[in-house]
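Student: I am new to this structure and would like to study it through questions. May we begin?

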Amino acid sequence: MNVWQRGDERAPHKPLLLLLALGRLQRGDPRLVRFVEIEEPLTELLRAFGPPRKPTPHNPFWYLESDELWVFEGSTYGLAGPTNTPRIGALRESETHAGLPLEDFEALRADPELLASVTRTLLESHFPESYRDDILAAVGLSLEPIDTIHVRRRDPAFRHAVLRAYEHRCAVCELQIIVRGVVEGVEAAHVKWHAARGPDEVANGVALCALHHKALDRGWLGIDERHVLRVSDEVSGNQTFDELVGRFHGRPLRPPRQPEHRVHDDYRDWHWREVFRGVAA
Ligand SMILES: [Zn+2]
C-alpha cells in the first residue's frame, strides 16, 4: 500500500479505511458503500487513532483506489477536481459506491486466517501494539486465537536496556513493581513508534508503567523541549484521572541514569508533532 508520505508525518488514513472495511466484511455487511455511509465512522477512527490534525475521511476513500485495494462502482465523474483532489461535497451527494475489490473480498470472506493475517499486518505496520485492541474494538473486528502463533520481531535487548537506563521504574510516576525479584508492570515505550520506523535504541525509549505507556502512545501526555511533561488540554477525567495523570503536568520526565540515554530530540519532537494531542499556546 502506497501510504501518503510527507517526511515522517503519520498517514493512518488508508489503513484505517481498510480496517473499517474488514470489520464490515467480518460482520457480513455489504461490500460496497456510499461515502456518506462510512464518513462518520471513518472520521471517528481518524480522530481517535490518527494524528492530531483535522480528519480527512474523503482522502482515503478516494485515493485508496490507486493502490488497487478499493474499487468504485458507478460514475466517478466530478468527484475529484482537476488535480485529482477529492471533493467532499460531491462525494457526500454521490450515489456511487465503493469497497474492496470483489476478488479480494471473497478471498478474505472465505478464509478467516487470511483475514486475521491481513488485519495484523495493517495494525503492526501502522500502530503501536497498545492501539491494537482499541482499534479492533472500534472497527468491530475480532482476531482468532491463532494470534498466539505470531511472534513479534522485536529486539528484547531494547526492553532490558531501557528499563535499566531508567532504574526499572516509570519515568512519569516512579512506579516499580517487583515480583519474586522480577520487574513487572514497567514497559519500554518507544517515543517514536516502531510502526513509524522509530529505532530500538535507548534514546528512543522511556520506561513507563502500563498507564503512562498508554498515555504517551495515545498522546494524552507529551514531552516538551525541556523534557517537562505536558498533559493535553484535550484530555480530562475525574479525580482519579487527576491523581494518576493530570498532576504530572509541568513535572519533569524522570531522567535516565546516564545523560546519553536521554530521549533524543528528533524522537521527542516527532511524538510532539505526530501524537501528542496538544496544549493551547
Ligand atoms: Zn507511571
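Tutor: The crossing of α1 and α2 is right-handed, a crossing being right-handed if the near helix is turned clockwise from the far one by less than a right angle and left-handed if anticlockwise. Helices (H or I, at least four residues) and strands (E, at least two) are DSSP runs, numbered from the N terminus. This is a predicted model, in which local features need pLDDT of at least 70, side-chain atom pairs count only at pLDDT 80 or more, and totals for chains, interfaces and linings use all residues. Residues are numbered from 1 along each chain as its sequence is written.

Student: Which residues of α2 meet α1?

Tutor: Two residues are in contact if their C-beta atoms, placed from the backbone, lie within 7 Å. On the α1 side the residues are H13, L16, L17 and L20. Their partners in α2 are I38, P41, L42, L45, L46 and F49.

Student: Are α1 and α6 roughly parallel or roughly antiparallel?

Tutor: Axes are lines fitted to C-alpha atoms, for helices over the stretch in contact, and angles run from 0 to 180 degrees between N-to-C directions. The axes of α1 (residues 13-27) and α6 (residues 112-126) come within 10 Å and cross at roughly 155°. Angles under 35 degrees count as roughly parallel, over 145 as roughly antiparallel, 65 to 115 as roughly perpendicular and the rest as oblique. Therefore α1 and α6 are roughly antiparallel.

Student: How far apart do the C-alpha centres of domain 1 and domain 2 lie?

Tutor: The domain assignment, which is automatic or from a database, gives domain 1 (13-149) and domain 2 (156-274). Nine residues of domain 1 are in contact with nine residues of domain 2. The separation of the two C-alpha centres is 31 Å.

Student: Is T85 buried or exposed?

Tutor: T85 is placed in the loop between β2 (71-73) and α4 (88-93). A residue is buried if 20 or more other C-beta atoms, placed from the backbone, lie within 10 Å of its own, exposed if 12 or fewer, and partly exposed in between. Because T85 has 12 C-beta neighbours inside 10 Å, T85 counts as exposed.

Student: How far apart in space are R251 and R230, C-alpha to C-alpha?

Tutor: R251 is found in the loop between α10 (239-244) and α11 (265-274). With 13 other C-beta atoms within 10 Å, R251 is partly exposed. In sequence, R251 and R230 are 21 residues apart, and the distance in space, C-alpha to C-alpha, is 7.9 Å.
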